[in-house]
Amino acid sequence: MMRWMFLLAALLLTAACDTGGLLSTSEMDPHDQARINSFVEVIQKVEPVAETECVAFGLAHNCNFQIQVDTNPEEPPNAFQSLDRKDRPVITFTMTLIETTQNNDELAFVLAHETSHHILGHLARQAKNAEAGAQILGQMATLDGANPVTIARARQIGAELGARSFSKEYELEADHLGTIIAYEAGFDPLKGAAYFDRLPDPGDQFLGSHPPNAARKKIVLQTMRDIRAAVASGQPITLGTLAGAGG
Ligand SMILES: [Zn+2]
């Protein structure tokens with residue numbers, strides 16, 4: 001199966017320089033091409049705001065986001081954040097996610113949410129929680145006189161539990177900052193968060209990785225109320241002045 005991934009940063013570059021040939025979207029069907037064009041528009045507005053918030057927050061070493069699309073039609077709708085070998089933040093959207101969004105506000109909200117995970121240092125915090133979980137369960141198995149295979153398995157389970165222990169909180173934090181970034185980039189976060197309505201609701205599972213959709217929408221609503229209050233009173237919109245920040 002043909003699988004290709006391209007960098008939208010490169011697409012933006014070629015659009016500016018008209019060098020052509022660096023990559024081609026001509027093989028895509030026109031509908032996909034139109035959605036990609038919308039996504040590029042969204043990136044042009046959201047990325048600079050995310051970069052500014054990232055530098056202001058001061059936690060990440062690298063705020064130069066690289067945004068890419070996985071066009072494999074077999075990949076389910078998904079967007080995620082990772083780091084490349086040089087610690088550059090990479091945001092990947094699957095084409096199927098881009099296709100399932102209904103407007104640019106939804107695309108902007110998902111992009112703002114993913115950049116927020118990086119700005120708030122969630123990958124590093126999750127890795128720390130995983131290591132702590134691995135140590136605790138590994139030590140328990142060791143004290144229990146378990147063999148090396150069982151200890152290794154205990155460490156693995158501990159790491160999984162540790163990694164999940166705060167993931168719902170991180171999702172809500174990313175929704176909070178994502179609302180601010182999407183708003184500052186000129187999008188409507190309330191319209192954008194309507195995307196949750198079409199996701200299967202994970203419910204309130206113990207150690208589930210995602211909070212219930214209702215909790216996510218509540219954070220977006222509350223953040224928008226705080227943004228409007230800040231705007232009305234002439235205050236700057238920052239994480240520090242908003243209720244529920246940090247967390
Ligand atoms: Zn997330």
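Among contacts in the protein between residues at least 6 apart in sequence, 67% join residues at least 24 apart, two residues being in contact if their C-beta atoms, placed from the backbone, lie within 7 Å. The structure is a predicted model, in which local features need pLDDT of at least 70 and side-chain atom pairs count only at pLDDT 80 or more, while totals for chains, interfaces and linings use all residues. Residues are numbered from 1 along each chain as its sequence is written.

The secondary structure comprises nine helices and four strands, where helices (H or I, at least four residues) and strands (E, at least two) are DSSP runs numbered from the N terminus. Along the sequence these elements follow the pattern β-α-α-β-β-β-α-α-α-α-α-α-α. Of the 247 residues in the protein, 34% are buried; a residue is buried if 20 or more other C-beta atoms lie within 10 Å of its own, exposed if 12 or fewer, and partly exposed in between.

The largest nonpolar core has 40 residues, of which Val-46, Ala-108, Leu-111, Ala-112, Ile-181 and Ala-182 touch the most other members. A nonpolar core is here a set of buried Ala, Val, Leu, Ile, Met, Phe, Trp, Tyr and Cys residues joined through C-beta atoms within 7 Å. At least two residues of this core are supplied by each of helix H2 (30–57), strand S2 (66–70), strand S4 (89–94), helix H3 (95–100), helix H4 (104–119), H7 and H9, and the largest share, eight residues, comes from H2. Ala-112 touches Val-46, Ala-50, Gly-178, Ile-181, Ala-182 and Ala-185, when residues up to four places away in sequence are not counted. In soluble globular proteins, nonpolar side chains tend to be buried together.

The packing of H2 was examined next. H2 and H4 pack with their axes 9 Å apart and at an angle of about 30 degrees, the axes being lines fitted to C-alpha atoms, for helices over the stretch in contact, and the angles running from 0 to 180 degrees between N-to-C directions. H2 and H4 are therefore roughly parallel to each other, since angles under 35 degrees count as roughly parallel, over 145 as roughly antiparallel, 65 to 115 as roughly perpendicular and the rest as oblique. The crossing of H2 and H4 is right-handed; a crossing has this hand if the near helix is turned clockwise from the far one by less than a right angle, and is left-handed if anticlockwise. The contact includes Val-46 and Ala-50 of H2 and Ala-108, Leu-111 and Ala-112 of H4. By class, the contact of H2 with H4 has 12 nonpolar, four polar and two charged residues, where Ala, Val, Leu, Ile, Met, Phe, Trp, Tyr, Cys and Pro count as nonpolar, Asp, Glu, Lys and Arg as charged, and the others, Gly among them, as polar.

H2 also packs against H7, at an angle of about 130 degrees and with the axes 9 Å apart, which makes H2 oblique to H7. This crossing of H2 and H7 is right-handed, and the contact is made by Val-46, Val-49, Ala-50 and Glu-53 of H2 together with Ile-181, Ala-182 and Glu-184 of H7. Five of the residues in the contact of H2 with H7 are nonpolar, none is polar and two are charged.

The axes of H7 (residues 167–184) and H9 (residues 213–232) come within 9 Å and cross at roughly 40 degrees, so that H7 is oblique to H9. The crossing of H7 and H9 is right-handed. Among the residues that meet are His-176 and Thr-179 in H7 and Thr-223 and Met-224 in H9, and the residues of this contact divide into eight nonpolar, three polar and three charged. His-176, which lies in H7, is buried, with 25 other C-beta atoms within 10 Å. His-176 and Thr-223 are 47 residues apart in sequence, yet 6.2 Å apart in space, C-alpha to C-alpha.

Two further residues were considered individually. Lys-191, found in helix H8 (residues 189–192), counts as partly exposed, with 16 C-beta neighbours inside 10 Å, and touches Asn-103 and Asp-105 when residues up to four places away in sequence are not counted. Asp-87 is placed in the loop between strand S3 (79–83) and S4 and counts as exposed, with 9 C-beta neighbours inside 10 Å. The phi of Asp-87 is near 70 degrees, a positive value in a residue other than glycine.
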